[in-house]
Amino acid sequence: AVEEGEREGEEVGSHMKQGWLFKLGAKTGGFRRRWCKVQDNFFYEFKNPSDTVPSRVIFLEGYFFAEGKVNKPGYYAIEMSCKDSVRWYFVKSQDDRKVEPAPVTTTTTCCIV
């Protein structure tokens with residue numbers, strides 16, 4: 001559900017996607033909602049859509065996105081992996097999780113939200 005004053009996931013221009021994703025908190029194990037944006041081969045994670053400084057930035061070259069196999073009740077996983085790392089983000093519907101499994105290179109734009 002989108003709260004008042006918040007934007008739903010949207011495509012902005014041809015090289016950016018943004019929207020809410022969930023991740024598991026390292027300390028509590030509970031889900032934390034994060035506003036995420038993929039733009040120009042970078043993945044940006046923010047606590048709120050109005051934040052101007054991201055809490056995490058990942059350079060996406062060499063990453064691979066696919067529908068994740070680590071689902072939790074009521075949540076569907078998106079796997080973001082590269083040679084040395086795997087991260088999981090979650091959405092609340094299978095339709096929101098649909099991604100085209102493909103590696104990210106300097107000439108492709110990955111859209112996961």
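The hairpin of β2 and β3 has six residues between its strands, and Gly-29 there takes a positive phi near 75°. Strand β2 covers residues 16-24, and it pairs with β3 in the antiparallel sense over nine bridges. Two strands pair if DSSP finds at least two bridges between them. Leu-24 stands opposite Phe-31 in β3.

This is a predicted model: local features need pLDDT of at least 70, side-chain atom pairs count only at pLDDT 80 or more, and totals for chains, interfaces and linings use all residues. Residues are numbered from 1 along each chain as its sequence is written, and side-chain values use heavy atoms, with hydrogens and water left out.

**Overall layout**

- The chain has one helix and nine strands. Helices (H or I, at least four residues) and strands (E, at least two) are DSSP runs, numbered from the N terminus.
- Along the sequence the pattern reads β-β-β-β-β-β-β-β-α-β.
- The chain has 113 residues, and buried ones make up 35% of them. Buried means under 20% relative accessible area, exposed means over 50%, and partly exposed lies in between (1.4 Å probe, protein chains only).
- Take the contacts in the chain with a separation of 6 or more: residues 24 or more positions apart account for 35% of them. Contact means heavy atoms within 4.5 Å.

**The turn between β3 and β4**

- β3 and β4 pair in the antiparallel sense over five bridges. The bridge partner of Gln-39 is Phe-42 in β4.
- These strands form a hairpin with two residues between them.
- Asp-40 lies in the loop between β3 and β4. Its phi is positive, about 50°, although Asp-40 is not a glycine.
- Asn-41 is found in the loop between β3 and β4. Asn-41 is not a glycine, yet it has a positive phi of about 65°.
- Asp-40 counts as exposed because its relative accessibility is 52%. Asn-41 counts as buried because its relative accessibility is 9%.

**Glu-45 and Tyr-89**

- Glu-45 sits in strand β4, residues 42-46. With a relative accessible area of 1%, Glu-45 is buried.
- The side chains of Glu-45 and Tyr-89 are joined by a polar contact of 2.5 Å. A polar contact is a pair of N or O atoms within 3.5 Å; within protein, one must be able to donate a hydrogen and the other to accept it, and residues adjacent in sequence count only if both atoms are side-chain atoms.
- Beyond its neighbours within four places in sequence, Glu-45 contacts residues including Lys-23, Arg-34, Trp-35 and Arg-56.

**Core and cysteines**

- The largest nonpolar core has 12 residues, among them Leu-21, Cys-36, Phe-43, Ile-78 and Tyr-89. The elements that give two or more residues to this core are β3 (31-39), β7 (76-81) and β8 (86-91).
- A nonpolar core is a set of buried Ala, Val, Leu, Ile, Met, Phe, Trp, Tyr and Cys residues joined through side-chain atoms within 4.5 Å.
- Cys-36 counts as buried, at 0% relative accessibility. Cys-82 is partly exposed, with a relative accessible area of 25%.
- A search of the whole structure finds zero disulfides. A disulfide is a pair of cysteine sulfur atoms within 2.5 Å.
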